[in-house]
Amino acid sequence: MPVRPALRFLSTLALVLGSPAAEWAEDAVWYQIFPERFRNGDPSNDPTRDSLELPLRPSGKWHISPWTGDWYERADWEKELGPDFYGDGVFERRYGGDLQGILGKLDYLSDLGINAIYLNPVFKARSLHRYDGDGFHHIDPHLGPDPAGDATIIAKENPADPSTWRWTAADRLFLRLLGEARKRGIRVIIDGVWNHTGRDFFAFADIRRNQAASPFKDWYAVESFDDPATEKNEFRYKGWWGYERLPVFKASDDGTDMAPGPKAYVFAVTQRWMDPDGDGDPGDGVDGWRLDVAGELPVKFWADWHAHVRKLNPGAYTSCEEWGDPRVLLERGGFDAAMNYHGFAAPVRAFLAANSIRASEFSRLLDERRAALPARSLHRMQNLTGSHDTERIASMIVNAALKPPFNPRDAFTGPSSARNSADYQVRKPDASERAIQRMIVLFQATYVGAPMFYYGDEAGMWGGNDPDDRMPMLWDDLIYRPQAADPRGRARKPDAVAFDRELFRFHKEAISLRKNHAVLRGGGYRAVGTFDDEQSFAFVRRDESEILLAVFNRSGQERTLRIELPEEEMARFARGRQISPPDQDGAVSKVRKAENALLVTLPPLSAAIVSP
């Protein structure tokens with residue numbers, strides 16, 4: 001092949017298969033922020049009753065919920081809607097989290113050791129989660145300083161014509177947030193929801209008004225338009241998983257791509273946030289994207305979109321939401337990585353959190369799922385234990401006994417909140433359960449891939465699945481009411497609610513451990529011991545210049561494990577020392593040398609990282 005065509009081919013291949021320049025993601029320590037619940041930095045922009053989802057159910061008594069209140073205590077306006085905590089009012093709550101709140105806590109994140117933020121949707125929407133966008137080219141006005149002024153600006157635009165788009169106060173504050181984060185060495189990626197919108201999205205709103213006469217009639221998966229000659233409303237369309245509030249964009253006629261209209265809009269939006277001033281320099285834009293329900297869009301769309309992204313910023317990072325095997329999206333869709341539910345969260349929850357599989361099965365799952373990934377994605381995967389779509393890891397540990405036998409193909413089954421189980425406990429974790437959580441944090445910091453922490457886990461937050469995983473963030477400068485109420489009216493012992501300084505310190509030290517040892521960010525991995533009788537396992541991280549040994553004891557008893565290593569590695573561990581953060585009550589592991597092996601003694605529910 002001639003040189004120039006070959007170079008063009010390799011360039012195109014790089015655009016499709018992922019960015020080699022997104023290597024910064026291998027050093028990332030991620031922090032996921034759910035904007036509405038992170039920090040209310042500007043009460044003047046708080047959501048109003050009229051900004052809530054339609055149909056508007058709460059009465060005029062509706063008000064912003066108190067940030068420091070008992071999560072399970074219901075306001076009068078909620079009680080008016082009905083007796084069910086989960087069905088009557090909790091999703092209409094607003095706490096006022098905003099961009100100013102995130103800006104004001106960037107130093108907190110820097111102190112923790114975070115260098116990469118993933119923001120749940122920030123675009124204009126009615127719901128608290130904002131996966132029902134009214135449009136993707138503006139930040140939600142209630143996240144910024146001037147909601148009324150922003151509404152005036154937006155009303156003067158033609159949303160389908162990018163040349164008419166202007167910058168609102170919320171948009172500009174978001175760009176300032178990107179700049180302030182960058183000053184602290186923090187990258188920011190945002191949620192792209194390219195599969196579906198809300199019913200108030202400009203194109204769908206026009207279809208609702210004008211039906212088949214709408215210029216946007218080919219944007220959505222409409223099954224039938226209304227016939228004005230009949231009294232019955234025949235308007236039918238595909239909603240995401242059947243939810244009418246989330247209409248789905250239409251596929252191309254051959255089903256291999258997104259329809260041209262929404263595709264062009266998504267591409268324009270992508271450029272707006274990646275290169276805000278349009279000068280070809282992406283330095284003032286987002287550093288990448290997390291893409292919602294990525295497997296529900298055609299692979300060709302993703303390949304085309306990634307080519308567009310790489311052209312705008314060759315160093316941009318993209319991660320897909322995929323709960324199963326992500327290989328197709330990584331290999332053919334162009335994603336750098338995935339939220340690692342499949343290869344990390346599922347095995348970790350089964351072994352470390354729930355203690356429902358043996359150490360050998362845990363090690364096998366890790367090896368199999370890691371080996372299936374493209375090499376370029378290995379160290380870029382977002383290794384999470386929980387998110388806005390799962391119960392928090394602390395409550396997963398508390399309720400481990402409720403989980404059914406582990407199914408490797410569908411690990412996220414069983415009761416996940418008091419909403420679907422009368423036996424689900426909403427209490428605070430006890431000391432042993434916190435010890436398990438710390439062990440999981442240390443595993444996140446030392447395993448292959450980039451650790452990702454869900455907001456507040458480091459502060460001690462607990463909670464079942466949606467909505468309980470979306471409580472307001474715990475801050476050390478606020479005083480919170482105890483949790484004394486129960487969502488099912490059960491009797492409970494009140495739990496004190498406060499920022500957990502010791503858990504925060506442990507997270508900080510675990511993150512520092514990762515940052516101080518390059519081998520934990522890019523080195524190789526090898527399991528060196530699985531001890532089923534002891535429910536313990538060990539692995540080595542190694543590169544050309546460094547080797548570390550990690551040993552985990554999931555059992556409730558002290559264990560002494562014999563770790564056999566090759567002679568060359570044993571020689572390097574002549575004076576093994578523990579470098580991991582100390583466990584509860586200052587208990588530390590003991591390391592001594594025996595013939596052809598290291599003997600590592602660990603307290604119950606603890607781990608040790610051993611350096612030569």
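Mentor: Two strands pair if DSSP finds at least two bridges between them. Helices (H or I, at least four residues) and strands (E, at least two) are DSSP runs, numbered from the N terminus. The structure above is a predicted model, in which local features need pLDDT of at least 70 and side-chain atom pairs count only at pLDDT 80 or more, while totals for chains, interfaces and linings use all residues. Residues are numbered from 1 along each chain as its sequence is written, and side-chain values use heavy atoms, with hydrogens and water left out.

Trainee: What is the order of the open sheet of eight strands?

Mentor: The order is β8-β7-β6-β3-β2-β1-β10-β9, and the pairing is parallel. At the edges stand β8 and β9 (382-383), each of which pairs on one side only.

Trainee: How many bridges join β7 to β8?

Mentor: Two bridges join β7 to strand β8 (residues 337-338), and these strands run parallel. Within that pair, S319 stands opposite A337.

Trainee: And which bridge partner does G288 have in β7?

Mentor: The partner of G288 is Y317. Strand β6 (residues 288-291) and β7 pair in the parallel sense over four bridges. Strand β3 (residues 187-192) also pairs with β6 in the parallel sense over four bridges, and there G192 stands opposite L291 of β6.

Trainee: Which helix packs on the sheet by touching β6 and β7?

Mentor: Helix α9 does, and its direction makes about 155° with that of β7. Axes here are lines fitted to C-alpha atoms, for helices over the stretch in contact, and angles run from 0 to 180 degrees between N-to-C directions. Together, β6, α9 (residues 299-312) and β7 make a right-handed β-α-β unit. Right-handed describes a path from the first strand over the helix to the second that runs clockwise when the strands point away from the viewer.

Trainee: Back to β7: which way do its residues point?

Mentor: In β7 (residues 317-320), Y317 and S319 point one way and T318 and C320 the other, and all are buried. Buried means under 20% relative accessible area, exposed over 50%, and partly exposed in between (1.4 Å probe, protein chains only). In a regular strand the side chains alternate between the two faces of the sheet.

Trainee: Why does S319 count as buried?

Mentor: S319 counts as buried because its relative accessibility is 0%. The side chain of S319 makes a polar contact with the side chain of Q382 at 2.8 Å. A polar contact is a pair of N or O atoms within 3.5 Å; within protein, one must be able to donate a hydrogen and the other to accept it, and residues adjacent in sequence count only if both atoms are side-chain atoms. Not counting residues up to four places away in sequence, S319 touches several others, among them W289, F335, A338 and M339.

Trainee: Where does S51 lie?

Mentor: S51 lies in the loop between β1 (30-33) and α2 (76-81). S51 is buried because its relative accessible area is 16%. The side chain of S51 reaches the backbone oxygen of T48 at 2.7 Å. Neighbours within four places in sequence aside, S51 is in contact (heavy atoms within 4.5 Å) with R126 and H142.

Trainee: What about F453, is that residue buried or exposed?

Mentor: F453 is buried, with a relative accessible area of 5%, and lies in strand β10 (residues 450-454). Leaving aside neighbours within four places in sequence, the contacts of F453 include V29, Y31, I114, V441 and I511.

Trainee: Which residues have the most contacts inside the largest nonpolar core?

Mentor: They are Y31, F174, W194 and F443, in a core of 154 residues. Such a core is a set of buried Ala, Val, Leu, Ile, Met, Phe, Trp, Tyr and Cys residues joined through side-chain atoms within 4.5 Å. A second, separate core of 17 residues includes V551, L561, F573 and L598. In soluble globular proteins, nonpolar side chains tend to be buried together.

Trainee: Changing topic, in what order do the three strands form an open sheet?

Mentor: The order is β14-β17-β16, with antiparallel pairing. The edge strands are β14 (559-564) and β16 (590-594), each pairing on one side only. Neighbouring strands of this sheet are turned by 25° against each other on average, direction ignored. Between β14 and β17 (residues 597-602) there are six bridges in the antiparallel sense, and R562 has L599 of β17 as its bridge partner.
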